[in-house]
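Please keep the sequence and the structure at hand while working through each solution.

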Amino acid sequence: MTLDRAYYLLAAFYSLMVIIGVIALLSGGGTLLAPVHLLLGALGVVGLWGYILKRRFMNPRMWRPLAGVLAVGIVVQLIIMLTTPLSSVLLTWMLTSSIFSVMLVIMLYRYGDRDQPLWASDEERTAARQLDVLLNDNSPITAIKRDGTRENSVQVSKSNEGYKASVTRRSQESQERFEERFQCPETLVFFLEKFTSITVNDFRSASTLESNSTP
């Protein structure tokens, strides 16, 4: 069995568990917490399918918090099971949900990592390819963006460890410097456009000016 097939079977199993839970709930089974478990489980299954299929579902910012909620839920339920006498029905629901939430926590945490090509838009993928060409020709490259009294300067470099962006923000009142590292160029493009207003065209223009000034 290949790893991909194992992932598909795992996602199908989790989907089946949610369906069984819904049927049990509609049949009058479960507890007052069962709808909450099913809702979190259904969201987790959506994220699991997204992780396996490498597709974007909803927003990347929601998946790691959801993984955190599931992790806290596991701990709380384990504490309750160890310290409180429970009915067999409630104990079964809590134990089952805790066991099957562990794998979801791990995969949802990975799925929520913004530094993945799957979260990139088509425009970001195109810009990332162009940025890679510039970096392959000459690394590092630098671009400067001025807006009135504000100036953003970015130096981008590429290595075996990934991509590094060194940012300097200047204004009349202050100066700020920081660095960010990325594994994929699409995330680098997203970061530059959102936090520095610098695009690939700015690097291209800077490279053209540098080439023209070289004798």
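**Exercise 1.** Determine which residues of α2 meet which residues of α4, and describe how the two helices pack.

Solution. In this predicted model, begin with the residues in contact: α2 contributes Ala 34, His 37, Gly 44, Val 45, Gly 47, Leu 48, Gly 50 and Tyr 51, and these meet Trp 93, Ser 97, Leu 104, Met 107, Leu 108, Arg 110 and Tyr 111 of α4. Next, sort this contact of α2 with α4 by class, which gives nine nonpolar, five polar and one charged residues. Then turn to the geometry, where the axes of α2 and α4 lie 9 Å apart and the packing angle is about 35°. Finally, assign the hand of the crossing of α2 and α4, which is left-handed.

**Exercise 2.** Work out how the axes of α3 and α4 are oriented, and list the side of each helix that makes the contact.

Solution. First take the axes of helix α3 (residues 60–83) and helix α4 (residues 88–111), which come within 8 Å and cross at roughly 150°. Since angles over 145 degrees count as roughly antiparallel, α3 and α4 are therefore roughly antiparallel to each other. For the contact itself, α3 supplies Trp 63, Arg 64, Leu 66, Ala 67, Leu 70, Ala 71, Ile 74, Gln 77, Ile 80 and Met 81, while α4 supplies Leu 91, Met 94, Leu 95, Ser 97, Ser 98, Ser 101, Val 102, Leu 104, Val 105, Leu 108, Tyr 109 and Tyr 111. Divided by class, the contact of α3 with α4 holds 17 nonpolar, four polar and one charged residues.

**Exercise 3.** Describe the largest pocket, giving its volume, its lining and the elements that contribute to that lining.

Solution. Start with the volume, as the largest pocket contains about 640 Å³ of space. Its lining is made of 29 residues, and those nearest the centre of the pocket are His 37, Leu 38, Trp 93, Ser 97 and Ser 101. Then trace the lining back to its elements: α1 (3–26), α2 (34–53), α3 and α4 each give two or more residues, and α4 provides the largest share, with nine residues. By class, the lining of the largest pocket consists of 19 nonpolar, ten polar and no charged residues.

**Exercise 4.** How many cavities of 30 Å³ or more does the structure hold, and which residues line the largest cavity?

Solution. The structure holds one cavity of 30 Å³ or more, and about 30 Å³ of space lies in the largest cavity. The residues lining the largest cavity are Leu 131, Val 189, Leu 192, Glu 193, Ile 198, Thr 199, Val 200 and Phe 203, which fall into six nonpolar, one polar and one charged. At least two lining residues come from each of α6 (185–195) and α7 (200–213), with α6 giving the most, three residues.

How values were computed:
Residues numbered from 1 in each chain as written. Predicted model: local features only at pLDDT ≥ 70, side-chain atom pairs only at ≥ 80, totals over all residues. Heavy atoms only, no water. Axes fitted to C-alpha atoms, helices over the stretch in contact; angles between N-to-C directions. Helix = DSSP H or I, 4+ residues; strand = E, 2+ residues; numbered from the N terminus. Parallel < 35°, antiparallel > 145°, perpendicular 65-115°, else oblique. Contact = heavy atoms within 4.5 Å. Nonpolar A, V, L, I, M, F, W, Y, C, P; charged D, E, K, R; others polar. 1 Å grid on protein atoms, 1.4 Å probe; cavity = no way out; pocket = protein on both sides within 12 Å on 5 of 7 lines; lining within 4 Å. Points joined across faces, edges and corners; volume = space filled by probe spheres on them. Left-handed = near helix turned anticlockwise from the far one by under 90°.
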